[in-house]
Amino acid sequence: LQMLERQVVGGEQAQNKDLKEKHKRRKKYADERRLQLVAALQESNEDSSERALLNVYDSIQEEVRAKSKMLEKLRAAETEIKDLQLEFGLEKMDYLSTIRRQERDLMLCQQLLDRVQSLVRRDCNYSNLEKIRRESFWDEESGCWKIPEPVIQKTHLP
(Lines give C-alpha, C1' and ligand atoms only; values in the text may rest on other atoms or scores of the structure.)
Protein backbone atom coordinates (compact mmCIF):
# COMPACT_ATOMS: atom_id res chain seq x y z
CA LEU A 1 0.00 0.00 0.00
CA GLN A 2 2.79 2.42 0.84
CA MET A 3 4.49 1.74 -2.50
CA LEU A 4 1.21 2.34 -4.38
CA GLU A 5 0.59 5.45 -2.31
CA ARG A 6 4.03 6.86 -3.22
CA GLN A 7 3.33 6.24 -6.90
CA VAL A 8 -0.18 7.72 -6.87
CA VAL A 9 0.28 10.66 -4.52
CA GLY A 10 1.39 13.64 -6.53
CA GLY A 11 -0.63 12.85 -9.62
CA GLU A 12 0.48 11.47 -12.96
CA GLN A 13 3.72 13.43 -12.92
CA ALA A 14 4.94 12.10 -9.55
CA GLN A 15 7.95 10.39 -11.14
CA ASN A 16 8.80 13.19 -13.62
CA LYS A 17 12.26 14.43 -12.59
CA ASP A 18 12.21 17.39 -14.97
CA LEU A 19 8.95 18.65 -13.51
CA LYS A 20 10.27 18.23 -9.97
CA GLU A 21 13.42 20.16 -10.91
CA LYS A 22 11.31 22.93 -12.44
CA HIS A 23 9.20 23.19 -9.27
CA LYS A 24 12.38 23.36 -7.17
CA ARG A 25 13.77 26.20 -9.33
CA ARG A 26 10.50 28.14 -9.10
CA LYS A 27 10.35 27.65 -5.35
CA LYS A 28 13.98 28.74 -4.99
CA TYR A 29 13.34 31.86 -7.11
CA ALA A 30 10.22 32.72 -5.07
CA ASP A 31 12.13 32.21 -1.82
CA GLU A 32 14.94 34.49 -3.04
CA ARG A 33 12.41 37.20 -3.93
CA ARG A 34 10.72 36.84 -0.56
CA LEU A 35 14.07 37.11 1.21
CA GLN A 36 14.91 40.23 -0.81
CA LEU A 37 11.62 41.82 0.20
CA VAL A 38 12.08 40.89 3.86
CA ALA A 39 15.63 42.24 3.85
CA ALA A 40 14.52 45.45 2.20
CA LEU A 41 11.77 45.92 4.75
CA GLN A 42 14.01 45.22 7.74
CA GLU A 43 16.89 47.45 6.64
CA SER A 44 15.01 50.58 5.91
CA ASN A 45 12.41 52.81 7.36
CA GLU A 46 8.80 53.05 6.23
CA ASP A 47 9.40 55.50 3.34
CA SER A 48 12.34 53.65 1.82
CA SER A 49 10.66 50.26 2.32
CA GLU A 50 7.86 51.35 0.04
CA ARG A 51 10.48 52.38 -2.50
CA ALA A 52 12.18 48.97 -2.19
CA LEU A 53 8.86 47.22 -2.70
CA LEU A 54 8.22 49.35 -5.77
CA ASN A 55 11.72 48.59 -7.09
CA VAL A 56 11.17 44.84 -6.72
CA TYR A 57 7.75 45.19 -8.35
CA ASP A 58 9.24 47.30 -11.14
CA SER A 59 11.98 44.74 -11.77
CA ILE A 60 9.38 41.99 -12.04
CA GLN A 61 7.29 44.16 -14.39
CA GLU A 62 10.39 44.92 -16.47
CA GLU A 63 11.19 41.24 -16.63
CA VAL A 64 7.62 40.48 -17.74
CA ARG A 65 7.80 43.23 -20.38
CA ALA A 66 11.16 41.96 -21.68
CA LYS A 67 9.89 38.40 -21.87
CA SER A 68 6.70 39.58 -23.57
CA LYS A 69 8.76 41.43 -26.18
CA MET A 70 10.90 38.34 -26.72
CA LEU A 71 7.75 36.26 -27.10
CA GLU A 72 6.34 38.71 -29.66
CA LYS A 73 9.62 38.60 -31.61
CA LEU A 74 9.57 34.81 -31.49
CA ARG A 75 5.99 34.69 -32.74
CA ALA A 76 6.83 37.16 -35.53
CA ALA A 77 9.82 35.00 -36.51
CA GLU A 78 7.64 31.88 -36.51
CA THR A 79 5.09 33.64 -38.70
CA GLU A 80 7.83 34.75 -41.09
CA ILE A 81 9.19 31.20 -41.22
CA LYS A 82 5.73 29.85 -42.05
CA ASP A 83 5.32 32.49 -44.76
CA LEU A 84 8.71 31.63 -46.25
CA GLN A 85 7.91 27.92 -46.16
CA LEU A 86 4.60 28.57 -47.91
CA GLU A 87 6.31 30.75 -50.51
CA PHE A 88 9.01 28.09 -51.01
CA GLY A 89 6.34 25.43 -51.42
CA LEU A 90 4.55 27.50 -54.07
CA GLU A 91 7.80 28.14 -55.94
CA LYS A 92 8.63 24.44 -55.76
CA MET A 93 5.25 23.53 -57.23
CA ASP A 94 5.76 26.12 -59.98
CA TYR A 95 9.21 24.73 -60.80
CA LEU A 96 7.87 21.18 -60.90
CA SER A 97 5.04 22.16 -63.24
CA THR A 98 7.54 24.00 -65.47
CA ILE A 99 9.78 20.93 -65.56
CA ARG A 100 6.84 18.69 -66.43
CA ARG A 101 5.72 21.06 -69.20
CA GLN A 102 9.25 21.25 -70.62
CA GLU A 103 9.57 17.46 -70.53
CA ARG A 104 6.31 17.15 -72.50
CA ASP A 105 7.55 19.75 -75.03
CA LEU A 106 10.85 17.90 -75.36
CA MET A 107 9.04 14.62 -75.95
CA LEU A 108 6.91 16.28 -78.65
CA CYS A 109 10.00 17.67 -80.39
CA GLN A 110 11.73 14.29 -80.20
CA GLN A 111 8.71 12.50 -81.65
CA LEU A 112 8.44 15.10 -84.44
CA LEU A 113 12.13 14.67 -85.27
CA ASP A 114 11.76 10.90 -85.37
CA ARG A 115 8.82 11.18 -87.77
CA VAL A 116 10.28 13.90 -89.97
CA GLN A 117 13.76 12.34 -90.22
CA SER A 118 12.47 9.58 -92.47
CA LEU A 119 11.07 12.22 -94.86
CA VAL A 120 14.40 14.02 -95.29
CA ARG A 121 16.33 13.10 -98.43
CA ARG A 122 19.32 10.84 -97.88
CA ASP A 123 21.70 13.15 -99.72
CA CYS A 124 20.89 16.00 -97.22
CA ASN A 125 23.11 16.48 -94.17
CA TYR A 126 19.94 16.64 -91.99
CA SER A 127 19.23 12.94 -92.59
CA ASN A 128 21.70 12.09 -89.81
CA LEU A 129 20.50 13.71 -86.56
CA GLU A 130 23.48 12.56 -84.49
CA LYS A 131 25.87 14.30 -86.86
CA ILE A 132 23.78 17.51 -86.65
CA ARG A 133 23.87 17.32 -82.82
CA ARG A 134 27.67 16.92 -82.84
CA GLU A 135 28.12 19.89 -85.18
CA SER A 136 25.72 22.15 -83.25
CA PHE A 137 26.89 24.43 -80.43
CA TRP A 138 25.36 26.84 -77.94
CA ASP A 139 25.98 30.54 -78.57
CA GLU A 140 26.03 32.47 -75.28
CA GLU A 141 25.71 35.90 -76.89
CA SER A 142 22.56 35.16 -78.85
CA GLY A 143 21.24 32.61 -76.35
CA CYS A 144 20.39 30.00 -78.96
CA TRP A 145 21.79 26.93 -80.68
CA LYS A 146 23.85 27.37 -83.82
CA ILE A 147 23.17 24.47 -86.15
CA PRO A 148 24.73 23.82 -89.52
CA GLU A 149 22.93 24.93 -92.64
CA PRO A 150 21.12 22.22 -94.59
CA VAL A 151 23.20 21.03 -97.51
CA ILE A 152 22.21 18.63 -100.25
CA GLN A 153 25.18 16.70 -101.51
CA LYS A 154 24.70 15.46 -104.99
CA THR A 155 26.74 12.47 -105.83
CA HIS A 156 27.75 12.08 -109.44
CA LEU A 157 28.31 8.61 -110.69
CA PRO A 158 30.91 8.11 -113.38
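**A tour of the salt bridges**

Start by selecting Arg133 and Glu130, whose side chains form a salt bridge with an N to O distance of 3.1 Å. A salt bridge here is a side-chain nitrogen of Lys or Arg within 4 Å of a carboxyl oxygen of Asp or Glu. Side chains of opposite charge can pair when their charged atoms come close.

Before moving on, know that this is a predicted model, where local features need pLDDT of at least 70 and side-chain atom pairs count only at pLDDT 80 or more, while totals for chains, interfaces and linings use all residues. Residues are numbered from 1 along each chain as its sequence is written, and side-chain values use heavy atoms, with hydrogens and water left out.

Now show helix H4 (residues 129-135): Arg133 and Glu130 both sit there, 3 residues apart, about one turn of the helix. Helices (H or I, at least four residues) and strands (E, at least two) are DSSP runs, numbered from the N terminus.

Buried means under 20% relative accessible area, exposed over 50%, and partly exposed in between (1.4 Å probe, protein chains only).

Next, select Arg121 and Asp123, which meet in a salt bridge at 2.9 Å, N to O. Arg121 is partly exposed at 45%, as is Asp123 at 24%.

Finally, go to helix H2 (residues 17-43), where Arg34 and Asp31 are 3 residues apart. Their salt bridge has its closest N and O atoms 3.8 Å apart.
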